[in-house]
Amino acid sequence: MAEDKAISVAIVDNSIDPTIYRPVDHWSRHLDVPWRAFVAREGRFPDPAAFSHIILTGSEATIIEREPWAEEEARMAREAVAGGAAVLGSCWGHQLLAYALLGEAHVRRARRPEIGWIAIRMDKTSELLGPAGSTAFTFSIHYDEICDLPPGFEVLASTDDCPVEAFRFGDRPVWGLQCHPEIDIPTGFKNLRDLVDRGFKGREALLEALEQTPRDSGLIHRIVRAFLAAG
């Protein structure tokens, strides 16, 4: 971003049913800078030139069978990256970012969905996630994933079930996170219960996650601090 541009954050809300999932609430509580939300399902997206930082949230949607508005979001994401904005995608937003930059050959159904609180292994040292070899616990719920990143994309973290838990696009301030670090433990339990009550797919896995002992390393604080400092 330009040195004379003050930090301003656009949060692209990719939720489908805000009675279940309210990503703007989850992300904005960690922001102490000006921000504005844009609801993707209503076809509303930011002008990338007007914001220094853009967050692409998760979604109940699938990246494989994309909603009509996903193509518009992909175009906006490409423009933001080309213009030098700092971009952070989480869960579906992580997948959308890979789709936007690389195409549909780099997204797929997860071989094993990750639902509940998981341990993320840091494969590379990064300001966003910490030193290589460290582990952090956070909330996750995803049925799709990204794959086969080419040279120019660096895998920062993984799990046994997900080979690309986090990535960075070269030396640009562009990151994807498969997890939901913004969702705290009480919100995670509520989200899981709501999905079970609504008959969401993967009922058995959702119920298993509800029986877990949750662990959250507070990774969101490091992530937001490093993200806002980038650009």
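One term for later: Ala, Val, Leu, Ile, Met, Phe, Trp, Tyr, Cys and Pro count as nonpolar, Asp, Glu, Lys and Arg as charged, and the others, Gly among them, as polar. With that, the lining of the largest cavity splits into nine nonpolar, seven polar and three charged residues; we'll come back to it below.

Some ground rules: this is a predicted model, where local features need pLDDT of at least 70, side-chain atom pairs count only at pLDDT 80 or more, and totals for chains, interfaces and linings use all residues. Residues are numbered from 1 along each chain as its sequence is written, and side-chain values use heavy atoms, with hydrogens and water left out. Helices (H or I, at least four residues) and strands (E, at least two) are DSSP runs, numbered from the N terminus.

**Stop 1: the parallel strands**

Select β3, residues 53–56. His53 and Ile55 point one way, Ile54 and Leu56 the other, and all are buried (under 20% relative accessible area; exposed is over 50%, partly exposed in between, with a 1.4 Å probe and protein chains only).

Val12 has Leu56 as its bridge partner in β3. Then pick β4, residues 86–90, which pairs with β3 in the parallel sense, again over four bridges. Look for Ile54 with its bridge partner in β4, Val87. To get from β3 to β4, the chain passes through helix α2 (residues 68–82), and this β-α-β crossover is right-handed (with the strands pointing away from the viewer, the path from the first strand over the helix to the second runs clockwise).

Back to β1: what does it pair with through five bridges? That is β2, residues 35–39, and the two run parallel. Ile11 has Ala37 as its bridge partner in β2. Show helix α1 (residues 23–28) as well, and you have a right-handed β-α-β unit made of β1, α1 and β2.

**Stop 2: the nonpolar core**

Switch to side chains. A nonpolar core is a set of buried Ala, Val, Leu, Ile, Met, Phe, Trp, Tyr and Cys residues joined through side-chain atoms within 4.5 Å. The largest has 33 residues, and Ile54, Leu56, Val87, Leu96 and Leu97 have the most contacts inside it. At least two residues each come from β1, β3, α2, α3 and β8 (166–169). Which element gives the most to this core? Select α2, with seven residues.

**Stop 3: the cavity and the pocket**

On a 1 Å grid over the protein atoms alone, a cavity is a set of points where a 1.4 Å probe fits but cannot get out, while a pocket is an open set with protein on both sides within 12 Å along at least five of seven lines; lining residues have an atom within 4 Å of a point. Grid points are joined across faces, edges and corners, and a volume is the space filled by probe spheres set on the points.

Searching the whole structure turns up one cavity of 30 Å³ or more. The largest cavity has a volume of about 250 Å³. Its lining has 19 residues; go to Ser59, Glu60, Ala61, Cys91 and Ile141, which lie nearest the centre. Two or more lining residues come from each of α3 (92–102), β6 (135–146) and α4 (185–197), and β6 has the largest share, with four.

Next, the largest pocket, at about 290 Å³. Centre on Arg112, Pro113, Glu114, Ile115 and Glu208, the nearest to its centre among 13 lining residues. β5 (107–122) and α5 (203–210) each supply at least two residues of this lining, with β5 giving the most, six. By class, the pocket lining has seven nonpolar, two polar and four charged residues.

**Stop 4: the antiparallel pairs**

Met122 stands opposite Ala157 in β7. Moving on from β7, four bridges join it to β8, also antiparallel, and Ala157 has Ala166 as its bridge partner in β8.

**Stop 5**

Follow β8 into the loop between it and β9 (174–177), where you'll find Asp171. Is Asp171 buried or exposed? Exposed, with a relative accessible area of 70%.

Finish at helix α6, residues 219–229, where Leu219, Ile220, Ile223, Val224, Ala226, Phe227 and Leu228 are buried. Just after α6, click on Gly231, which takes a positive phi of about 120°.

Notes. Pairing = 2+ DSSP bridges.
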